[in-house]
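Please look at the sequence and the structure below, and keep both in view while reading the report that follows.

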Amino acid sequence: MEDTSLGKILIVDDNEDLLFAAKMLLKKYAKEVTIEKDPRRIPFLVNNNNYDVILLDMNFTEDTTSGKEGFHWLKQIKEIDPKAVVILITAFGDVEMAVQALKEGATDFILKPWQNEKLLATLSAASRLKESYDQVDNISQKSRQLQADMKKPFSEIIGQSSSMKNIFSIIDKVAQTDANVLILGENGTGKELIARAIHDRSLRRDEIFVGVDMGAITETLFESELFGHKRGAFTDAKEDRAGRFEVADKGTLFLDEIGNLSMPLQSKLLTVLQKREVTRIGTNKSIPVDIRLISATNMKVHDMVMDNTFRQDLLYRVNTVEIFLPPLRERQDDIPLLANHFLKIYAKKYRKDFSGFKPAAIQLLQNYSWPGNIRELQHAIERAIIMAEGNELDSRDFFFLSSKPTTEKVKSNGTLNLDEVEKNVIQKAIDKNGGNISKAAKELGLTRASLYRRLEKYGL
């Protein structure tokens with residue numbers, strides 16, 4: 001397999017023997033070698049090709065000693081492509097000429113007859129320089145795009161309802177500060193999206209955003225995941241590892257489902273937040289961390305504080321500013337916007353041509369309760385697009401959505417006694433989840449400890 005690390009090379013020289021020899025040498029190392037003896041074709045070649053390196057003779061037949069022609073064509077190349085990497089070649093090694101060539105924009109200067117190893121080394125360095133130029137240019141383009149996107153207010157969040165406009169206002173106010181933020185809302189309402197929007201508008205926008213699903217971390221791995229560990233600290237610790245706090249240093253740390261933490265883990269988290277430093281497992285060395293904390297949960301943490309299942313001091317620490325995301329059923333005005341947003345995404349993904357929704361379909365989507373919120377709507381649109389046969393989604397394309405009313409009447413034998421109602425709801429949740437206390441507690445919006453106390457209270 002040939003080495004093409006030198007990329008695309010253009011060689012311009014009036015000596016045909018030199019051109020042929022250079023091409024024979026370089027074709028083994030370059031992706032493409034173009035040779036040209038007439039410098040007047042340089043503008044055409046540079047305008048129509050993207051060369052990694054251009055080898056340019058300084059002296060052509062009209063003027064064999066002064067190098068003026070070489071400087072003229074160097075200037076022409078640079079006007080067409082300011083980032084062009086040009087190496088000038090000449091048989092006359094004049095130091096002043098070399099210095100002038102570099103000032104005019106040349107990358108390097110080589111004498112002929114050259115040594116092959118010297119030429120290859122020079123071209124290799126020049127090719128790497130061109131690659132770095134391209135990388136910088138690519139990064140600059142991405143940066144400009146990000147800046148342009150930043151000027152579009154909340155383009156990543158779909159919504160024009162009054163509740164969402166209020167949330168946008170809060171984000172604008174809190175983003176420029178380092179205040180800790182707690183985002184509350186049901187599953188699927190877009191809590192992480194809000195967290196990222198805060199980060200993207202903050203003074204830390206150029207630093208890292210680290211998200212952690214606290215509900216997915218076991219108690220045994222909590223400290224290792226968040227605070228890090230030293231090699232050999234425990235059986236599976238085969239190398240030193242930084243925790244999420246260290247990784248997020250200078251950036252934003254997003255702790256999702258913080259309400260799932262047990263009281264002992266809440267205490268450990270609080271200690272780190274108060275001291276603003278972590279200690280890896282297996283060491284005694286404290287490592288300072290500078291993070292902006294954003295937390296989220298679908299649980300009723302204020303009720304959990306009353307039930308002594310969530311530390312009040314931790315709640316004070318994480319919710320300097322609190323944002324509540326309403327469920328989708330309370331944002332009916334936003335449903336058509338969201339539906340059309342997902343329609344465009346999945347129509348493109350599955351290469352289908354859809355003109356939109358029929359009125360009956362929009363009405364169905366607005367009347368449905370969306371227990372899974374935006375996430376459920378997203379999946380519903382995707383499924384409908386896959387199964388639909390026409391080019392406009394109708395209500396029948398959403399046959400799989402439940403037609404049940406948004407709220408079910410609790411079967412409580414006609415009683416309005418609150419204890420009896422609560423007892424029946426708890427029993428129903430336990431039956432529905434096959435006796436699984438954790439799942440029942442999650443569905444009821446309670447912690448396991450709170451549910452156990454209620455089971456004991458009602459003798460269930």
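## Two residues with positive phi

Glu-257 is found in the loop between strand S10 (252-256) and helix H10 (263-275), where helices (H or I, at least four residues) and strands (E, at least two) are DSSP runs, numbered from the N terminus. Glu-257 has a positive phi of about 55°, although it is not a glycine. With a relative accessibility of 11%, Glu-257 counts as buried; here buried means under 20% relative accessible area, exposed means over 50%, and partly exposed lies in between, with a 1.4 Å probe and protein chains only.

Asn-373 is another residue other than glycine with a positive phi, in this case near 60°. Asn-373 has its place in helix H15 (residues 373-387), and at 0% relative accessibility it counts as buried.

## How the model is described

This is a predicted model, in which local features need pLDDT of at least 70 and side-chain atom pairs count only at pLDDT 80 or more, while totals for chains, interfaces and linings use all residues. Residues are numbered from 1 along each chain as its sequence is written, and side-chain values use heavy atoms, with hydrogens and water left out.

## The chain as a whole

The chain contains 18 helices and 16 strands, and of its 460 residues, 43% count as buried. Among the contacts in the chain with a separation of 6 or more, 69% are between residues 24 or more positions apart, where contact means heavy atoms within 4.5 Å.

What does Ala-22 contact, once its neighbours within four places in sequence are left aside? Ala-22, whose place is in helix H1 (residues 16-26), is then in contact with Ile-11 and Trp-114. Ala-22 counts as buried, at 1% relative accessibility. The C-alpha atoms of Ala-22 and Leu-119 are 9.5 Å apart in space, although the two residues are 97 residues apart in sequence.

Thr-122 is found in helix H5 (residues 116-151) and is buried, with a relative accessible area of 7%. Leaving aside neighbours within four places in sequence, Thr-122 is in contact with Ile-87, Asp-108 and Ile-110. Phe-234, in turn, is in the loop between strand S8 (228-229) and strand S9 (241-242), and it is partly exposed, with a relative accessible area of 31%. Not counting residues up to four places away in sequence, Phe-234 touches Ser-224, His-229 and Ile-281, and from C-alpha to C-alpha it is 8.1 Å from Gly-282, which is 48 residues away in sequence.

## Helices H13 and H14

Helix H13 (residues 335-349) and helix H14 (residues 359-367) pack at an angle of about 115°, with their axes 10 Å apart; axes are lines fitted to C-alpha atoms, for helices over the stretch in contact, and angles run from 0 to 180 degrees between N-to-C directions. In this packing, Ile-335, Pro-336 and Ala-339 in H13 meet Ile-362, Leu-365 and Gln-366 in H14. The residues of this contact divide into 5 nonpolar, 1 polar and no charged, where Ala, Val, Leu, Ile, Met, Phe, Trp, Tyr, Cys and Pro count as nonpolar, Asp, Glu, Lys and Arg as charged, and the others, Gly among them, as polar.

## The cavity

Rolling a probe the size of a water molecule over the atoms shows where empty space is left. A cavity is a set of points, on a 1 Å grid over the protein atoms alone, where a 1.4 Å probe fits but cannot get out, and lining residues have an atom within 4 Å of a point. How many cavities of 30 Å³ or more does a search of the whole structure find? The search finds 1, and about 30 Å³ of space lies in the largest cavity, a volume being the space filled by probe spheres set on the grid points, which are joined across faces, edges and corners. Val-46, Asn-49, Tyr-51, Ile-54, Asp-81 and Ala-84 line the largest cavity, and these lining residues divide into 4 nonpolar, 1 polar and 1 charged.

How values were computed: 1 Å grid on protein atoms, 1.4 Å probe; cavity = no way out; pocket = protein on both sides within 12 Å on 5 of 7 lines; lining within 4 Å.
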